[in-house]
Amino acid sequence: MTLRLLGTTSDDGDCPTLYDIEGTDEILVQGERETNPEHLSQLRDVKESETFVRVPRSLLSRYAPRSDAPELQPFASVSRLFHDFRHTAWRLETRRGYASDRNGPKWQRFLAGEDIARDPDNAWRENVRAQSAQGKRVERVRLVDEPRTRGQEFLLASAASNIAAGEDIRCLTRAQARELRLPDYDFWLFDARILARFAFDDEDITLGVYVTRDPAEVLAACQVRDAAWHHAERTEEFARRVRSTV
């Protein structure tokens with residue numbers, strides 16, 4: 001079963017930390033083992049397989065889920081949110097490639113060495129223009145490996161069209177993301193109120209999204225957004241810096 005990082009109150013990479021055990025209604029708790037004999041003597045109904053850990057109250061109040069785990073939904077179920085959001089639609093992209101990119105016609109043009117930076121508007125870019133004209137913001141941070149994967153090179157090469165439509169796309173190295181303890185899953189965050197977390201298979205195919213308004217989940221996503229946005233570079237600046245070091 002897959003573990004998903006919920007959050008930590010540690011400043012130096014140590015415990016304590018909470019994880020969601022996906023596919024179950026259980027939470028895994030990482031913390032310092034309780035060894036105080038007086039405390040242990042007061043515990044009740046202890047099985048031989050059980051152990052006990054200490055965690056700060058603030059960890060549970062910040063990150064412990066307060067509602068049932070959401071069910072997997074088709075991505076189409078959130079398509080209306082890209083029109084109905086009121087202020088911001090924010091995306092974290094963490095994967096090294098996406099099947100949806102590789103299966104599109106632009107991918108073959110990219111592999112052939114064609115310039116894919118300036119394509120005519122499609123439905124996505126038309127909507128970005130419409131939302132931007134209303135003062136709304138569509139933003140994303142993309143994690144980039146060193147060295148870059150072909151999928152990441154494709155996204156860097158094709159970003160200009162989306163940026164021209166009004167989307168603000170920024171880049172962050174995976175090493176920086178690890179230092180910031182960012183999660184390893186993709187999500188959209190709408191108006192700091194609705195979280196849509198992606199599920200992918202091993203072939204980078206989107207299986208669907210988990211949608212929640214749970215305050216703890218949304219708060220954790222907002223903290224990820226703030227940290228990533230603060231450290232990420234605009235795509236143009238990132239690409240220019242990368243070219244200058246090659």
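Reader: Which residue in E3 is the bridge partner of Tyr19?
Author: First the terms: helices (H or I, at least four residues) and strands (E, at least two) are DSSP runs, numbered from the N terminus. Two strands pair if DSSP finds at least two bridges between them. In this structure, the bridge partner of Tyr19 in E3 is Leu28. The model is predicted, with local features needing pLDDT of at least 70 and side-chain atom pairs counting only at pLDDT 80 or more, while totals for chains, interfaces and linings use all residues. Residues are numbered from 1 along each chain as its sequence is written, and side-chain values use heavy atoms, with hydrogens and water left out.

Reader: How many residues lie between E2 and E3 in the hairpin?
Author: There are 5 residues between them, and Gly23 in this turn has a positive phi of about 85 degrees.

Reader: Which residue of E2 is the bridge partner of Leu3?
Author: The partner of Leu3 is Ile21. Strand E1 (residues 3-8) runs antiparallel to E2, and 5 bridges join them.

Reader: Is Leu6 buried or exposed?
Author: Leu6, a residue of strand E1, counts as buried because its relative accessibility is 8%. The C-alpha atoms of Leu6 and Pro183 are 8.3 Å apart, although 177 residues separate the two along the chain.

Reader: Which members of the largest nonpolar core touch the most other members?
Author: A nonpolar core is a set of buried Ala, Val, Leu, Ile, Met, Phe, Trp, Tyr and Cys residues joined through side-chain atoms within 4.5 Å. The largest one here has 21 residues, and Val78, Phe154, Trp188, Phe190 and Ala196 touch the most other members. At least two residues of this core come from each of helix H3 (81-84), helix H5 (105-111), helix H7 (150-165), strand E10 (187-190) and strand E11 (194-200). E11 gives the largest share, 4 residues. Another core lies apart from it, with 18 residues, among them Val141, Val218, Cys222 and Ala228.

Reader: Which residues does Arg91 touch?
Author: Contact means heavy atoms within 4.5 Å. Leaving out residues up to four places away in sequence, Arg91 touches Tyr98, Glu139, Arg140, Val141, Asp186, Phe187, Trp188 and Phe198. Arg91 lies in strand E7 and is buried, with a relative accessible area of 7%. By the contact rule, Phe190 touches Leu81, Phe82, Phe85, Thr88, Ala89 and Ala196, not counting residues up to four places away in sequence.

Reader: How much space lies in the largest pocket?
Author: The search uses a 1 Å grid over the protein atoms alone: a cavity is a set of points where a 1.4 Å probe fits but cannot get out, a pocket is an open set with protein on both sides within 12 Å along at least five of seven lines, and lining residues have an atom within 4 Å of a point. Grid points are joined across faces, edges and corners, and a volume is the space filled by probe spheres set on the points. The largest pocket holds about 730 Å³. It is lined by 24 residues, and Glu93, Ser100, Asp101, Arg140 and Asn162 are the closest to its centre. H7 gives the largest share of this lining, 5 residues.

Reader: What is the volume of the second largest pocket?
Author: Its volume is about 620 Å³. Among its 24 lining residues, Thr94, Arg95, Asp184, Tyr185 and Asp186 are the closest to the centre. E11 supplies the largest share of the lining of the second largest pocket, 4 residues.

Reader: How many nonpolar, polar and charged residues are in the lining of the largest pocket?
Author: Ala, Val, Leu, Ile, Met, Phe, Trp, Tyr, Cys and Pro count as nonpolar, Asp, Glu, Lys and Arg as charged, and the others, Gly among them, as polar. The lining of the largest pocket has 10 nonpolar, 6 polar and 8 charged residues. For the second largest pocket, the division is 11 nonpolar, 2 polar and 11 charged.

Reader: Which residues lie nearest the centre of the largest cavity?
Author: They are Arg142, Leu143, Val144, Gln152 and Leu155, out of 13 lining residues. The volume of the largest cavity is about 90 Å³. E8 and H7 each supply at least two residues of its lining.

Definitions and conventions
Buried < 20%, exposed > 50% of the residue type's maximum accessible area, 1.4 Å probe, protein only.
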